[in-house]
Amino acid sequence: MSVGRLCHGVLAAALVMLFAASIEAAQEDPAVRQVLVLQSVERGNLSLDTFTANFRVDLDQRFGAPVSVAQFVVTPAGFIVPPEKAIVDFLRSAFSDRPSPDLVVTVGGPAAAFARRHRQLLFPKTPFLFASVDRRFLQDAPLAENETAVAVVNDMPRLVDDILQLFPRTQQVYMVIGSGELGKFWRQELDRDFQRFHDRLTFVWTQDLSFAQILERAASLPPDSVVFYLTFDVDAEGGAYPDERVLAELHAAANAPLFATQSAQLGYGPVGGTMMSTDTLGRQTADVAIRILNGESPGEIRLPPQPTGPPVFDWRELRRWGVD
């Protein structure tokens, strides 16, 4: 076994022990409400990490009673991934000798899809809140009475419109996207969404490249190109890299302006544009969680998906690229 795989296994085992310990410690006090958070990816995704942090702070500050939050990644990245049945069995066993959680919150599209596939095994009587999830991940089946969602509408074509307004001579969009399941999902979706631009723009995708190759190509893009950073779970070699590193190295290497879709990524290199407000999403999700923990039925809470916010920009990047 390689050192990398051994370290990955040791880290996974440590996270499992911490997860189980957090549940056990919290449930020593029956007055503490139990919230289980199912994460789509490990830490390192700026958008989901910021969302989860904001959600937890808002929940702690505004609920008015003690809340214990246990987090578990249900779609880990990399080539060595446990089968979904093993993950379901672990989650069930963690609560086998204690009450089920008062609320389960999924964060991101992959976690929502995982939970829906295994809903009848994953605490079927517990309220579920699908959070920070694009509505496309929920359209295959209606929500049940003990389910609700704080979904979003990620309007990627609108960001392309912003790019063309700022840089009207743009001819190529270098789409930086990971090679994992999330990258595959968005590649398929955006092939359809970007149809109206195909007579004007060429889209170049990176899901078959290593991180080093992505940076190398970003450094030598043809004139009138831009870089569009979408998501990066793993590269084609199975390497996982945090958003901060990917954005920083793209920003340093690319010979073209960098754009991204989430407000949490602004300040790490993207120029800006129409982005999803992570702060607003966290507050709205905490609102819904509090209503459910206070006894309201999830089936009575049906919110429209959150749209992208107004355009925002990093003035340093506007100045760098000569935008008035």
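**View 1. Helices α2 and α9 meet along these residues.** From α2 come Ser-47, Thr-50, Phe-51, Asn-54, Phe-55, Asp-58, Leu-59 and Arg-62, and from α9 come Thr-278, Asp-279, Leu-281, Gly-282, Arg-283, Thr-285, Ala-286, Asp-287, Ala-289, Ile-290 and Leu-293. Contact means heavy atoms within 4.5 Å. By class, the contact of α2 with α9 holds eight nonpolar, six polar and five charged residues. Nonpolar covers Ala, Val, Leu, Ile, Met, Phe, Trp, Tyr, Cys and Pro; charged covers Asp, Glu, Lys and Arg; the others, Gly among them, are polar.

The model is predicted: local features need pLDDT of at least 70, side-chain atom pairs count only at pLDDT 80 or more, and totals for chains, interfaces and linings use all residues. Residues are numbered from 1 along each chain as its sequence is written, and side-chain values use heavy atoms, with hydrogens and water left out.

**View 2. The α2 and α9 axes cross.** Helix α2 spans residues 46-62 and helix α9 residues 278-293; they pack at about 45 degrees, with axes 8 Å apart. This angle makes α2 oblique to α9. Angles under 35 degrees count as roughly parallel, over 145 as roughly antiparallel, 65 to 115 as roughly perpendicular, and the rest as oblique. Axes are lines fitted to C-alpha atoms, for helices over the stretch in contact, and angles run from 0 to 180 degrees between N-to-C directions. The α2 and α9 crossing is right-handed, meaning that the near helix is turned clockwise from the far one by less than a right angle.

**View 3. Helices α7 and α8 pack together.** Helix α7 (residues 211-218) and helix α8 (residues 243-253) lie at an angle of about 30 degrees, with their axes 8 Å apart. The two helices are therefore roughly parallel to each other. Their crossing is right-handed. Phe-211, Ile-214, Leu-215 and Ala-218 of α7 make the contact with Arg-245, Val-246, Glu-249, Leu-250 and Ala-253 of α8. Seven of these residues are nonpolar, none polar and two charged.

**View 4. Leu-247 sits in helix α8.** Leu-247 counts as buried because its relative accessibility is 0%. Buried means under 20% relative accessible area (1.4 Å probe, protein chains only). Leaving out residues up to four places away in sequence, Leu-247 touches Leu-46, Tyr-229, Leu-258, Gln-265, Tyr-268 and Pro-270. The C-alpha atoms of Leu-247 and Phe-232 are 9.9 Å apart, and the two residues are 15 apart along the chain.

**View 5. The whole protein gives the setting.** The protein has 10 helices and 11 strands. Helices (H or I, at least four residues) and strands (E, at least two) are DSSP runs, numbered from the N terminus. Of its 324 residues, 52% count as buried.

Note on methods:
Buried means under 20% relative accessible area, exposed over 50%, partly exposed in between (1.4 Å probe, protein chains only).
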